[in-house]
Amino acid sequence: MNIHAIRAIYKFEMARFFRTLTQSFISPVISTALYFVVFGAAIGSRIDQVEGISYGAFIVPGLIMLSVMTQATSNASFGIYFPKFIGTIYELLSAPVNFIEIVIGYVGAAATKALFIGLVILGTAYFFVDLTIAHPVAMLLFLVLTCLSFALLGFIIGIWAGNFEQLQLIPLLVITPLVFLGGSFYSISMLPPVWQTITLFNPVVYLISGFRWAFFGEADVDIWLSLFAIAGFTCLCLGVIWWIFKTGWRIRQ
């Protein structure tokens with residue numbers, strides 16, 4: 001394992017994060033604060049509690065998941081797409097670095113950025129609502145796994161994308177709607193039975209449900225199903241990345 005190569009890629013990506021701190025860090029925090037103002041104050045005044053939890057606190061896990069998923073995907077996709085766009089990826093591929101080290105460097109940096117933002121948003125939430133985390137270890141586990149799995153997805157998107165428009169296509173048109181429809185701002189038990197069944201086909205439901213269970217001990221689906229879903233999604237992304245480097249799809253072609 002070439003630790004020096006992993007460290008070099010990781011440090012380069014983290015340096016880019018801190019160079020664009022306003023866009024990468026401050027913007028998501030401000031957006032989350034606005035969500036609290038709109039949903040917590042405006043809607044929360046009309047909805048007292050959801051499953052015995054104040055509405056302002058209930059939406060915290062969903063808001064964190066929304067930011068973490070989109071940030072992990074966007075950071076990882078841009079991180080690998082930009083070297084491909086300017087042609088420096090060929091220098092990386094010709095260097096004595098295997099694909100595992102490349103993935104660890106880029107995905108590790110993207111996951112770290114998303115984790116950092118998620119923890120800051122969690123800290124911001126305490127300024128708006130009274131919040132107690134029932135299972136802090138499980139909360140961190142779900143948060144780290146979500147950061148890693150969606151950073152892997154972003155890496156795949158960065159390899160697939162042929163231009164900057166395609167780079168934003170999946171996060172904006174797929175991930176964000178799935179999060180909004182995945183119970184981030186409501187419990188799926190509040191839906192009519194037919195829509196409850198349809199919602200269970202949304203994979204994001206299992207991630208948000210498991211993450212919310214870590215906060216409040218309440219979940220829309222079984223906690224083991226949530227763990228199985230995120231583990232399966234991570235393995236699927238790893239398999240796709242292995243295939244990409246094995247065949248050279250969108251890299252050497």
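In the predicted model, Phe180 makes contact with Tyr35, Leu66, Phe185 and Tyr186, when residues up to four places away in sequence are not counted. Phe180 belongs to helix H8, and with a relative accessible area of 29% it is partly exposed, because this value lies between the 20% under which a residue is buried and the 50% over which it is exposed. The C-alpha atom of Phe180 lies 9.5 Å from that of Leu63, although 117 residues separate the two in sequence.

Ser184 is located in the loop that joins helix H8, residues 164-180, to helix H9, residues 193-199. The relative accessible area of Ser184 is 1%, so this residue is buried. With residues up to four places away in sequence left out, Ser184 touches Ile59, Gly62, Val179, Ile208 and Arg212.

At the N-terminal end, H11 is capped by Asp222, a side-chain oxygen of which lies 2.9 Å from the backbone nitrogen of Trp224. Just after the helix, Gly248 adopts a positive phi of about 75°. Along H11, the buried residues are Ile223, Ser226, Ile230, Thr234, Cys237, Ile241, Ile244 and Phe245. The elements that cover these buried residues include helix H5 (89-94), helix H6 (99-125), helix H7 (136-160) and helix H10 (204-216).

The cysteines were then examined for bonds between their sulfur atoms. The structure contains zero disulfides. Cys147 takes part in no disulfide, and the cysteine sulfur nearest to its own, that of Cys237, is 14 Å away. For Cys237, in turn, the closest cysteine sulfur is that of Cys235, at 9.4 Å, and the two are too far apart for a bond, because a disulfide requires the sulfur atoms to be within 2.5 Å. Cys147 has a relative accessibility of 1% and therefore counts as buried, while Cys237, which is among the buried residues of H11, has a relative accessibility of 3%.

Methods. Residues numbered from 1 in each chain as written. Predicted model: local features only at pLDDT ≥ 70, side-chain atom pairs only at ≥ 80, totals over all residues. Heavy atoms only, no water. Helix = DSSP H or I, 4+ residues; strand = E, 2+ residues; numbered from the N terminus. Buried < 20%, exposed > 50% of the residue type's maximum accessible area, 1.4 Å probe, protein only. Contact = heavy atoms within 4.5 Å. Polar contact = N/O pair within 3.5 Å; in protein donor to acceptor, adjacent residues only side chain to side chain.
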